[in-house]
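Biologist: I would like to go through the side-chain contacts of this model with you. Could we begin with the terms and then turn to the residues?
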Amino acid sequence: MITTPWSPASTRAKDSGYQYHPFGYFKYWPYSACFSKYVGWGEWDIDLRSGLPIKPDPDDAILVHSTMVMNTFLGSADGNSVVNDTPDGPHRPHQIAMYTKLDDIRVYDDGRLVTYKDDEVLRLEPDIKAGRRTDCAPVGDDDVIRRDSLRDWRAQGYNAFLFQTSMSGLVGSCTIRPSLYLENATFGWDADMPLWSLLEIPPLGGKKDIPPSARCDKSTMGKRNAKYTNACVFVAANRVYTMYLDDPRRGEVAAHIRKAFTQPDDTEPKYDDAGKRLNKIIPGNADASLIKISKTTKAPDKASWYQKNIYRKNKVCATLSGTGDCDEFPFASTKQGVGYGYLQNGKWIPYFNFSIQRVSESHNCSAGGDLGVFYARYRVSSNQKFWVSIQDRMPTTLAQSPNRAGTQSDCSWP
């Protein structure tokens, strides 16, 4: 453990807007997570009819605002370094960095803010749990427990921790639950307070534990100048593939997908095999995820999902006029692709919740390569969910772009 003024936790997360601060604010991305909440020990005067506090300030309490940021990392092509490392690096692909900050420490006695209890001791300690065939431990001799008085926490509230994940197999996991403890309190409270997103909904609501858990792998994904080996991503993060309408290389495909989401009944095909007008609901946006498949993933009839998607796409494409490539959505590399359906009495019954549209060969080719970059960067492997978002304008810088790791232009399987 180190105490340092540099920390992503130095930027205080926004308040959630909820009345009860333990509900807090939290956000997961594939390679980072942020948590901000008030934790504390205390006594409030409660209205017995409503179950709510009579006044906002407690009678006797210690309250602490905590911010925690965690980072995981994506490995380079050879897996010996990481992509877009943080300023306190260098890091390794299977490491997890955790930064904490405690501030706005308040002590109440009989409803008044006081300073004479500054010798009370707070202990910050993470509980580390490794998954099957996985080891997760502090790097080197790193001390992962900090025990200090309220006075010392006020003077220096920053801490940084680093953990290393090791696996005997290709996949492993590490879950870190940091908590704050009040030691030997004159108030007599000793409950631990989680700094992650344990949600509490007073007065009678339940709790939902969403701890920072990372899935790590030893795989090499991608190809050419967008190849990545070894990574850890947060399990709770939604992986979203983003495309842009004004993208000069892929905009035609983005426009097709936007139409599939917003005007599904105007996309091809418009009629089923019996000539009945279709009423489509095409998945992939926020309402319904897509599921990644491999070339060997089997459908219930034991045939390849991928081959079903390709065969049916080509069949529908042959009925379309015009020139250019036939672009399908959902993608051929997803379970919900053009060949999606179900088995009934030994017969395959296809769905029609898809769209096929002709686009230029260059846009179709570039979009396929870009999708492969997304899969590799965000470790979307077989049977994993992801979503698709279509935005109007591209980011002005590379750093703002969600899935631009390289410039693949390859029409083959992503």
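Modeller: A polar contact is a pair of N or O atoms within 3.5 Å; within protein, one must be able to donate a hydrogen and the other to accept it, and residues adjacent in sequence count only if both atoms are side-chain atoms. This is a predicted model, in which local features need pLDDT of at least 70, side-chain atom pairs count only at pLDDT 80 or more, and totals for chains, interfaces and linings use all residues. Residues are numbered from 1 along each chain as its sequence is written, and side-chain values use heavy atoms, with hydrogens and water left out.

Biologist: Which backbone oxygen lies 2.8 Å from a polar atom of the side chain of Arg146?
Modeller: That of Gln156. Arg146 also lies over the face of Trp153, at 3.8 Å from the ring centre; the rule asks for NZ of Lys or CZ of Arg within 6 Å of the ring centre and within 35 degrees of the ring normal.

Biologist: Is Arg146 buried or exposed?
Modeller: Arg146 counts as buried because its relative accessibility is 6%. Buried means under 20% relative accessible area, exposed over 50%, and partly exposed in between (1.4 Å probe, protein chains only). Arg146 belongs to strand S8, residues 146-149; strands (E, at least two residues) and helices (H or I, at least four) are DSSP runs numbered from the N terminus.

Biologist: Turning to the rings, how many aromatic pairs are there?
Modeller: The count is 18 aromatic pairs. Rings of Phe, Tyr and Trp (its six-membered ring) pair if their centres lie within 6.5 Å, with planes under 30 degrees apart stacked, over 60 edge-to-face and the rest tilted. Among them is the tilted pair of Tyr241 and Phe374, at 5.2 Å centre to centre and 45° between the planes.

Biologist: Where do these two sit in the chain?
Modeller: Tyr241 is in strand S16 (residues 240-244) and Phe374 in helix H4 (residues 361-377), 133 residues apart. Both Tyr241 and Phe374 are buried.

Biologist: And how many disulfides does the structure hold?
Modeller: It holds three, a disulfide being a pair of cysteine sulfur atoms within 2.5 Å. One of them joins Cys136 to Cys174, with S to S 1.9 Å.

Biologist: Why is the disulfide of Cys136 and Cys174 left-handed?
Modeller: The torsion about its S-S bond is about -65°, so the disulfide is left-handed. By contrast, the link of Cys317 and Cys326 is right-handed, with 80° about the S-S bond.
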